[in-house]
Amino acid sequence: MSTLKNKIDDKIKPLFEKGGKYEKLSSFFDAFYTFLYTPNNTSKSGVHIHDSNDSKRMMIMVVVSLLPCCLFGMWNVGYQHFLGAVGSNPGILQCFIYGFFAVLPQILTAYIVGLGIEFVIAQIRGHEVQEGFLVSGILIPMICPVDTPCWMLAIAVAFAVIFVKEVFGGTGYNFMNVALAARAFLFFSYPAKMSGDSVFVSLGNSTGIDGYSGATPLGQLASSAEGDATVTGILGNPLSLSDLFFGLYPGSWGETSTLCILIGAAILLFCGIASWRIICSGLAGGFLMSVLVHNYASPLYPVTMLEPLQQIMLGGFMFAIIFMATDPVTACRTNIGKYIYGFLIGVIAILIRCYNTGYPEGAMLAVLLMNCFAPLIDWCVVNANVRKRMKRAVEISK
């Protein structure tokens with residue numbers, strides 16, 4: 001590997017440096033070079049730590065933490081398909097192969113469109129290609145229904161990359177989570193393709209099963225009769241807590257399995273990428289609000305009748321808390337602010353879910369809303385600390 005790197009450094013790299021034959025394509029070369037190798041450039045001053053763990057390596061570790069959800073989601077797509085279309089499970093391998101080819105066009109679309117735009121903008125500006133889309137490119141298809149048309153996904157990705165990220169300066173400057181912005185664009189622009197019985201399970205030409213329903217459990221509750229809080233699987237059988245924990249139900253293909261999400265959370269926490277303060281406070285806020293709405297449940301809103309653990313494990317709540325709320329760019333920076341930020345996301349997500357029958361999932365809107373308030377929370381925390389210190393200084397001087 002070192003020999004290959006030496007050959008690249010000696011023969012290829014000079015062609016893309018200043019004065020080289022392909023100088024104008026330096027951003028393209030730099031993107032691939034720094035993806036494969038740690039750059040040998042170091043800061044001369046103004047930093048406290050010199051480390052090889054740059055932002056590209058951090059983004060790659062986030063992608064690694066998403067792999068359990070991604071692989072399980074591919075299998076679950078096939079599993080739900082065969083249950084709905086055939087009424088049986090043909091085996092792990094066949095389910096996974098079907099799901100892999102079902103979601104592969106979405107993944108390719110997101111990366112080709114998103115990275116294509118970033119490459120073009122970097123070339124125009126003369127900057128290096130930024131690495132944030134390594135994560136956003138896999139997150140966007142994972143939080144969308146499996147039957148989302150690729151052309152819709154391409155439009156949403158282009159909107160999110162251009163108007164949520166690049167307009168504000170690129171990676172590190174976006175005030176809103178890029179993946180959730182793309183999901184919100186799809187939801188409000190093409191609502192018929194983002195909800196209902198036919199978008200969360202890829203069925204092909206026909207179901208072949210009487211009484212089939214591919215709606216998510218939360219979608220079922222939003223459209224159920226007053227007081228009916230029963231959630232069922234694709235064949236109409238009630239879902240147990242173990243079904244919810246393992247993710248054996250229809251939904252956006254990357255966010256159904258609580259087990260896989262917890263595995264991803266463990267990887268992020270072990271690597272020091274995600275903030276445990278945001279995760280713990282978010283789960284606490286969601287659980288406490290779930291207990292409150294359950295104790296004061298109303299037949300008008302069947303979602304309020306769910307048990308607190310069901311609330312936490314259903315839909316995209318866990319996925320949003322672990323992978324979206326902890327985005328270091330759009331989250332709070334102060335420690336106290338992180339507690340407030342995470343707690344409010346959990347509370348608002350359950351509130352929206354329970355008392356808005358037109359939108360059965362509240363995690364997306366909760367995170368986007370708190371992205372907007374994160375700078376204000378940090379400002380309040382910092383100024384409160386400044387006032388305390390000034391008051392302490394005055395008392396000491398007396």
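Me: How many residues of the protein chain count as buried, as a percentage?
Reply: Of the 398 residues in the protein chain, 48% count as buried, where buried means under 20% relative accessible area with a 1.4 Å probe, protein chains only. This is a predicted model, in which local features need pLDDT of at least 70 and side-chain atom pairs count only at pLDDT 80 or more, while totals for chains, interfaces and linings use all residues. Residues are numbered from 1 along each chain as its sequence is written, and side-chain values use heavy atoms, with hydrogens and water left out.

Me: And how many helices and strands does the chain have?
Reply: The protein chain has 15 helices and zero strands; both are DSSP runs numbered from the N terminus, helices being H or I with at least four residues and strands E with at least two.

Me: What about α3 and α5, at what angle do they cross?
Reply: The axes of helix α3 (residues 55-85) and helix α5 (residues 133-142) come within 8 Å and cross at roughly 20°, the axes being lines fitted to C-alpha atoms over the stretch in contact and the angles running from 0 to 180 degrees between N-to-C directions. That makes α3 roughly parallel to α5, a label for angles under 35 degrees.

Me: Which residues make that contact?
Reply: On the α3 side they include Lys 56, Met 59, Ile 60 and Leu 66, and on the α5 side Leu 134, Val 135 and Met 142 are among them, with contact meaning heavy atoms within 4.5 Å.

Me: Switching to α6, what span should its 16 residues have?
Reply: At 1.5 Å a residue, the 16 residues of helix α6 (residues 150-165) should span 22 Å, and the end C-alpha atoms are 21 Å apart, which agrees; the expected span is 1.5 Å times one less than the number of residues.

Me: What covers the buried residues of α6?
Reply: The cover includes α4 (92-125), α5 and α7 (178-189), and the buried residues of α6 include Met 152, Leu 153, Val 161 and Lys 165.

Me: One more spot: is Ala 320 buried or exposed?
Reply: Ala 320, which is found in helix α13 (residues 317-324), is buried, with a relative accessible area of 7%.

Me: Which residues is Ala 320 in contact with, leaving aside neighbours within four places in sequence?
Reply: Leaving those neighbours aside, Ala 320 is in contact with Ala 325, Ala 363 and Val 367. The C-alpha atoms of Ala 320 and Gly 346, 26 residues apart along the chain, are separated by 9.6 Å.

Note on methods:
Parallel < 35°, antiparallel > 145°, perpendicular 65-115°, else oblique. Buried < 20%, exposed > 50% of the residue type's maximum accessible area, 1.4 Å probe, protein only.
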